[in-house]
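Trainee: Could we go through this model together, starting with the strands and then moving on to the helices and pockets?

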Amino acid sequence: MGREHSYEVTVSWTGNTGTGTDGYRTYDRAHDIATQDKPVIRGSADPAFAGDPDRWNPEELLVASLSQCHMLTYLALCALSGVVVTGYEDTARGRMQEAAGSGRFSEVVLEPVVTLADAGMAEKAAALHEQAHKKCFVANSVNFPVRHEAEIRVQASGTT
């Protein structure tokens, strides 16, 4: 059996406007997500569910977690395989279907743009996305498809 890792966060509701949850529209969805020795993440509900658009919502954080996990796994695989990545940016998009007072994600699509130091590594770099997908802890934990549509670029000579 493999190693086990534990993660702990504290989510604190900060949206009591003075009357608690006496009505669906009268309380604020504001909350803080905290863990030891890290900046607090200010959260809320999605604006579609009476949340604050200036705060992160759980759906955005789930999509971000999938993107982060893929990127970190991919970069590790590249480093171990001799593929030098000089830039990585992902625009990740999640789709959630709402029905009968609930909802679920139907898919998340990752669209990483990867910049390489060497054009000769482009094929290998593209193939490593599939391995990263199979090894990503978070993608292995969800019950909806997570796809990646990667673009590989080569760093222009003379730039860093």
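Mentor: Let us begin with a strand pairing, where V108 stands opposite V146 in β8. Strands here are DSSP runs of E with at least two residues, helices are runs of H or I with at least four residues, and both are numbered from the N terminus. Please keep in mind that this is a predicted model, in which local features need pLDDT of at least 70 and side-chain atom pairs count only at pLDDT 80 or more, while totals for chains, interfaces and linings use all residues. Residues are numbered from 1 along each chain as its sequence is written, and side-chain values use heavy atoms, with hydrogens and water left out.

Trainee: In which sense do β6 and β8 pair, parallel or antiparallel?

Mentor: They pair in the parallel sense, over three bridges, and two strands count as paired if DSSP finds at least two bridges between them.

Trainee: And how many bridges join β5 to β6?

Mentor: Seven bridges join β5 to β6 (residues 102-110), and these strands run antiparallel. β5 and β6 form a hairpin with two residues between them.

Trainee: Where is D37, and what is its phi?

Mentor: D37 is in the loop between β2 and β3 (41-43), and its phi is near 60 degrees, again positive in a residue other than glycine. At 75% relative accessibility, D37 counts as exposed.

Trainee: What does R42 touch?

Mentor: R42, which lies in strand β3, touches H31, D32, R55 and W56, not counting residues up to four places away in sequence. R42 is partly exposed, at a relative accessible area of 45%.

Trainee: Switching to helices, how does the length of α2 compare with what it should span?

Mentor: At 1.5 Å a residue, the 14 residues of α2 (residues 122-135) should span 20 Å, and the end C-alpha atoms are 20 Å apart, which agrees. The expected span is 1.5 Å times one less than the number of residues.

Trainee: Which residues of α2 are buried, and what do they pack against?

Mentor: A125, L128, H129 and A132 are buried in α2. The buried residues of α2 pack against α1 (58-81), β4 (85-90), β7 (112-116), β8 (146-148) and β9 (151-154). From helix α1, S81 touches K124 and L128, not counting residues up to four places away in sequence. The C-alpha atoms of S81 and K124 are separated by 8.6 Å, although these residues are 43 residues apart along the chain.

Trainee: Now the pockets: what volume does the largest pocket have?

Mentor: The largest pocket has a volume of about 620 Å³. Of the 21 residues that line it, V9, L61, S65, Q68 and V138 are the closest to its centre. A pocket is an open set of points on a 1 Å grid over the protein atoms alone, where a 1.4 Å probe fits, with protein on both sides within 12 Å along at least five of seven lines, and lining residues have an atom within 4 Å of a point. Grid points are joined across faces, edges and corners, and the volume is the space filled by probe spheres set on the points.

Trainee: Which element gives the largest share of that lining?

Mentor: The largest share, seven residues, comes from α1. The lining of the largest pocket divides into 13 nonpolar, six polar and two charged residues, where Ala, Val, Leu, Ile, Met, Phe, Trp, Tyr, Cys and Pro count as nonpolar, Asp, Glu, Lys and Arg as charged, and the others, Gly among them, as polar.

Trainee: Which residues line the second largest pocket?

Mentor: V9, I33, A34, T35, K38, P39 and I41 line the second largest pocket, which holds about 180 Å³ of space.

Note on methods
Buried < 20%, exposed > 50% of the residue type's maximum accessible area, 1.4 Å probe, protein only. Contact = heavy atoms within 4.5 Å.
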